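The entries follow the order in which I looked things up.

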Amino acid sequence: MRDIITLAHLTLVEARRRRIVFAGAACALAFLVVFSIAVVFAHREMLADRVSFVERQGTLTAITLVGFMAANFLSVIFAILLPIDTLSGEIDSGVVQTLATKPIDRAQIVLGKWAGHLILALGYVLLLSAGILLTIRVVGGLTVAGAPRALPLLMLEITLSLTVAVAGGARFSTVTNAIAAVGFYGVSFIGGFVEQIGGFSGITSMRTIGIIVSLISPADSMWRLAAHYMEPEILRSTGALAFGASVPSPLMVWWAAGFTLLTLLYSIAAFRRRAL
Amino acid sequence: MIIETQGLRKQFGSTVAVADLSLQVAEGEIFGFLGPNGAGKTTSIKMLLALVEPTSGAGRVLGAPLGDRAARTRIGFLPEHFRFHESLTATELLRFHGRLYGLRGASLDARIDRLLARVDLIDAADRPLRGYSKGMLQRVGLAQALLNEPRLVFLDEPTSGLDPLGRLLVRSIIDELRTDGVTVFLNSHLLGEVELTCDRAVFVKRGRVIEELRLSAPRQLLDLEIRFGQPLPDAEVLNGLSRFGTDVTRRSADVVTLRIQSEEGIPAIIAWLVERGLQMYAVQPRRKSLEDVFLDVMGDDERPG
């Protein structure tokens with residue numbers, strides 16, 4: 001365990017020195033500034049137009065969900081790109097040779113790097129989420145009741161996406177891994193859309209295809225379930241918002257967690273077999 | 001034996017990188033591992049360090065099977081092109097590697113200071129590696145390889161990128177390791193360096209050890225070149241010379257060479273030739289350099305890598 005912490009610490013130091021932390025924080029801040037400006041102006045205009053309280057809350061909820069959708073997308077991309085060369089790049093450069101000849105198991109190298117990057121990626125999604133929730137609370141007085149249930153799902157989605165990128169690095173070159181990891185998320189994203197459209201239009205086959213795709217690549221289903229939890233009860237029951245058309249089963253959470261664990265185990269096995 | 005391998009083989013697809021590596025290295029030995037590019041030297045080292053899994057064969061390092069974790073606490077390794085995270089300083093890099101060896105606290109710090117002084121990097125200790133020259137990187141890599149006070153050190157082209165002063169430094173460190181009884185497995189293209197530092201060397205060709213040479217004992221074989229005046233030596237003289245040495249060859253009408261065991265044999269050869277009324281203008285013994293041996297051993301079929 002001590003070696004995993006040492007390697008995770010090195011990953012964090014390296015991320016800070018390479019200004020990855022700075023770039024991530026700056027982008028998150030920029031996003032939150034834009035989001036806050038949009039919320040402030042929307043709320044001010046609604047007040048000026050004497051929009052009813054219920055209508056205002058509905059609009060603010062929609063804005064919050066759109067904000068979360070964007071934040072989720074940015075976080076997934078961050079989680080995929082962050083560790084994309086952590087194994088493949090260090091294998092190519094030979095850096096990993098001096099690590100792997102130390103008295104540690106190769107699994108510890110994978111887990112240390114995975115843990116270090118995970119701390120950063122989770123920090124990123126939590127920073128964005130906290131910013132959105134705080135803005136909407138301060139400006140519009142809206143509390144997103146489902147947030148405590150939704151945030152762990154977003155964190156699981158980020159963990160899954162990051163783990164896929166780490167696993168790819170144990171097997172492929174950096175560029176191949178980037179293409180594969182982004183493509184893997186893209187499939188999940190499209191599957192989610194297909195499922196939603198199927199839900200809206202009542203076309204069962206589309207919904208089934210979407211669900212099958214979600215089983216293959218479950219990342220986006222975590223977002224859709226999180227969004228569903230963040231919808232107000234009244235909208236959730238009517239399915240009025242886009243995320244209520246086809247809600248992933250809670251069992252999907254277990255599958256996503258299992259999928260993440262299996263992927264992590266695969267990355268350890270692949271890295272152990274890999275000629276360095 | 002510190003290292004012992006039998007029939008180690010590594011195949012990548014249909015390409016055989018190492019065909020059949022069987023060797024033994026004794027404790028405290030400075031061991032040279034020589035061969036042309038593509039001979040499988042680096043792959044062999046990687047198999048011994050468990051960076052690459054052998055396709056077949058077996059081996060033991062420090063008495064344990066290849067890759068044994070406990071054995072790795074007493075092994076140091078300097079890769080051919082030492083690279084590490086460039087944002088770290090030399091001190092941070094060594095502290096990080098020290099922790100992976102289970103070292104902590106003041107004893108680790110003291111060891112880091114001592115090693116940085118030994119590789120002449122004290123002044124640059126707190127500068128990021130990205131500003132280091134190739135030679136400085138190689139030296140910090142060497143310090144990293146010695147951090148755990150190893151019993152066995154693998155040095156893969158340790159002087160690659162070093163200037164003459166840097167090479168001298170490496171040589172003196174290897175001498176110190178010899179004094180401390182540390183075994184050094186040295187892979188180098190610089191045959192002169194191997195000749196100066198190693199006790200024994202093996203030559204590897206296409207993944208097989210094809211020759212072994214003891215370098216610590218004074219080397220026996222000498223090439224003796226004799227230039228004759230008139231009368232020129234005839235076939236009978238050439239036959240007669242063969243009892244003093246081997247490979248008797250007429251290089252030109254008046255020059256004959258032969259390989260002899262030692263310089264002590266030269267007066268007898270001269271006396272024998274004078275007895276036969278032959279005149280000699282020059283008798284020149286030439287010890288075969290490691291480079292000559294290397295070229296002889298590798299044969300004419302080897303092309304530059």
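What share of the contacts in chain B with a separation of 6 or more comes from residues 24 or more positions apart? I found that such residues account for 67% of these contacts. I note that the model is a predicted one.

Entry on the whole chain. I looked up the extent of chain B: its C-alpha atoms fill a box of roughly 80 × 45 × 30 Å along the principal axes. Chain B has 305 residues, and 38% of them count as buried.

I then examined an open sheet of chain B, in which four strands follow the order S12-S13-S11-S14 with antiparallel pairing. Its edge strands in chain B are S12 (246–250) and S14 (280–287), each of which pairs on one side only. On average, neighbouring strands of this sheet are turned by 15 degrees against each other, with direction ignored.

Entry on one strand pair. I checked how S12(B) is joined to strand S13 (residues 255–260) of chain B: the two run antiparallel and share three bridges. Within S13(B), Thr257(B) is the residue that stands opposite Thr249(B).

Entry on the packed helix. Which helix of chain B packs on the sheet? I identified helix H9 (residues 266–275) of chain B, which touches strand S11 (222–228) and S14 of chain B. I recorded an angle of about 155 degrees between the direction of H9 and that of S14(B).

Terms used:
Residues are numbered from 1 along each chain as its sequence is written. Chains are lettered from A and ligands numbered from 1 in the order in which they are written. This is a predicted model: local features need pLDDT of at least 70, side-chain atom pairs count only at pLDDT 80 or more; totals for chains, interfaces and linings use all residues. A residue is buried if 20 or more other C-beta atoms lie within 10 Å of its own, exposed if 12 or fewer, and partly exposed in between; C-beta atoms are placed from the backbone. Two residues are in contact if their C-beta atoms, placed from the backbone, lie within 7 Å. Two strands pair if DSSP finds at least two bridges between them. Axes are lines fitted to C-alpha atoms, for helices over the stretch in contact, and angles run from 0 to 180 degrees between N-to-C directions.
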